[in-house]
Amino acid sequence: MSQQDNNTEPFSEQDHRGDADLDKKPKNRRPANTAFRQQRLKAWQPILTPKSVLPLFFVVGVIFAPIGGLLLWASSTVQELVIDYSDCKDVGSTVVAIPDDKFDYSFKSSFRERPTWQRPEDEGGNGVCRLMFDIPDTIGPPVFMYYRLTNFYQNHRRYVKSLDLDQLKGKAVDNGTIRNGACDPLRADESGKAYYPCGLIANSMFNDTIDSPVFVNNPDGAEPYNMTKKGIAWDSDKELIKKTEYQPGQVVPPPNWRERYPDNYETDIPNLHEDEDFMVWMRTAALPTFSKLSRRNDTASMSAGRYRLDIRDPFPVTVYGGTKSIVITTRTVLGGQNPFMGIAYVVVGGVCVLLGALFTIAHLVRPRKLGDHTYLTWNNEQEATATATGRDDRIGVHSR
C-alpha cells in the first residue's frame, strides 16, 4: 500500500452529519414574492388640489342640506303627546290640571282643554293614576304608545351581564349552575331555588299597568280605543325567548315579581314566550333616557276628542331621580319624532358650503403655487440617482 493510501482516512460520522446540514435549506422568514405579500398591488393615490377639493365641498353641501331638510320635515309631521306622570302618586282624588312642565305635544291644532290628572281608587282600594287629555286632530293609523324612563342606566356593565341565556331559551338550567352563573347578584333565594327569570334585568322589569285609552266624547258613551300588546317585540327576541322546561316548584319568581305571582310558582310558571312586555324590557337601552313600546293599533285611527287613561303605577322612579312618562305618537316612513339627524345633516351641509366658499375666495385672491406632480417618483420609471435628485430639487423649487 502506498504512502498516499496510508495517509488517507475514511469519512467519519461527524463528516456525514456536516454534509447533511449543508443539504438543509436555511430558514427564511422573508414573505413570498407575490404582489400582495410584497405590497406591490396597484393603488390610487389622489393628489389634493383646489380643483378637486373645492367642488367636493360644494357637492357634499348640496347633497346633505336637502336631506337634512327632508328629515326635519318628516320629524315635524309626527304627531305626539308626552305626559310625565311621575308625581301622579301625590295627587288626590280631585281633578287637577297637569303643570306645563309635565306635558308636551306636537299636533297640527292646539288643545281645546289642557290635560288633567287625579288619583281615584279602583275596586281593590288601590290608587290609580287617571290622566285626561285631548287629541286635537285625528291621528293614525298606526298609533303607538310608549313608556319613557329617564336616568335609568340599563347600559351599566353589571346590569347588562346579569341574565342567563340558556334559561331564557327555555332550558331547565340546574340550580347549582344558576348559583355559579352570570345572574349575580340575583341568582337564587335563601332555600337554594333559582329565580326564573334570574338576574337584575328581569327583576327590575317595568311593572306599571297602562290600560287602553278611553274616548269619553263619544255621544253613545265612553268607548275604548283598543291597543294591543301583540307585535311590540322584535322577531329575533321571540325566537330567543321560549317556553320554559321548568316544572312548578322547581324555581321561584324574582323578588319584584312576587306580587304578580303570590303562589311562588307552586302551581304554574309564566310562559315568557307569550310575554312581549318582558321581551321589550330585556332588550336593554344604550342611553339612560329611553322609550319602550307598550301598545299599538295598526288598523284604526285615533279620533280627535277627549280621552281617559288609567295607569297603575307601582314602578318607582323618584328614588333615583328619574321620571316616567307615557308617549302617544304616530310615525312616518323615516321613523318617529327625532330632529337630531335632520339638524346634523343641515349643519354638515352648511359647514361644507361655507368652507368651500371661504377656500374658493382664498384661492382666487391669493392662490398657492403648486409643484409639478409629473415629477413625483411613482410617475418616473428611471432609476438614476442623479436624475431623481435633480427632479426632487425641481419639485422643491416649484413648491416654494
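Modeller: Happy to; we'll go through some strands, then a few backbone details, then one serine. Keep in mind that this is a predicted model.

Colleague: Good to know. Is strand E12 mostly enclosed or open?

Modeller: Strand E12, residues 323–329, is largely enclosed by the rest of the structure, because 6 of its 7 residues are buried.

Colleague: And which way does E1 run against E12?

Modeller: Antiparallel: 5 bridges join strand E1, residues 80–84, to E12. Glu80 has Thr329 as its bridge partner in E12, and Leu81 sits opposite Ile328.

Colleague: How many bridges are there between E6 and E12?

Modeller: There are 7, and the pairing of strand E6, residues 143–150, with E12 is antiparallel as well. Within that pairing, Tyr146 faces Val327 of E12.

Colleague: Which residues of E1 point which way?

Modeller: Glu80, Val82 and Asp84 point one way, while Leu81 and Ile83 point the other way. Both groups are buried. Side chains in a regular strand alternate between the two faces of the sheet.

Colleague: What about E3, how does it pair with E1?

Modeller: E3 covers residues 103–106 and runs antiparallel to E1, with 4 bridges joining them. One of the partners there is Asp104 in E3, which is bridged to Val82.

Colleague: Okay, new topic: backbone. Where are the cis peptide bonds around Pro141?

Modeller: The bond from Gly140 to Pro141 is cis, with omega near -10°. Pro141 and Pro142 are joined by a cis bond too, with omega about 0°.

Colleague: Where does Pro141 sit relative to the strands?

Modeller: Pro141 is in the loop between strand E5, residues 129–135, and E6. Pro142 is in the loop between E5 and E6 as well.

Colleague: What is phi for Gln39, then?

Modeller: Gln39 has phi near 60°, which is positive, and it is not a glycine. Gln39 belongs to the loop between helix H2, residues 13–23, and helix H3, residues 50–77.

Colleague: Is Gln39 buried or exposed?

Modeller: Exposed, because its relative accessibility is 73% and the cut-off for exposed is over 50%.

Colleague: And Tyr265, what is its phi?

Modeller: Near 65°, again a positive value in a residue that isn't glycine. Tyr265 is in the loop between helix H8, residues 235–240, and helix H9, residues 276–282. Tyr265 is buried, with a relative accessible area of 0%.

Colleague: What does its side chain reach?

Modeller: The side chain of Ser212 reaches the backbone nitrogen of Met227 at 3.2 Å.

Colleague: Which other residues does Ser212 contact?

Modeller: Setting aside neighbours within four places in sequence, its contacts include Tyr225, Asn226, Arg308 and Leu309.

Key: Residues are numbered from 1 along each chain as its sequence is written. This is a predicted model: local features need pLDDT of at least 70, side-chain atom pairs count only at pLDDT 80 or more; totals for chains, interfaces and linings use all residues. Side-chain values use heavy atoms; hydrogens and water are left out. Buried means under 20% relative accessible area, exposed over 50%, partly exposed in between (1.4 Å probe, protein chains only). Helices (H or I, at least four residues) and strands (E, at least two) are DSSP runs, numbered from the N terminus. Two strands pair if DSSP finds at least two bridges between them. A polar contact is a pair of N or O atoms within 3.5 Å; within protein, one must be able to donate a hydrogen and the other to accept it, and residues adjacent in sequence count only if both atoms are side-chain atoms. Contact means heavy atoms within 4.5 Å.
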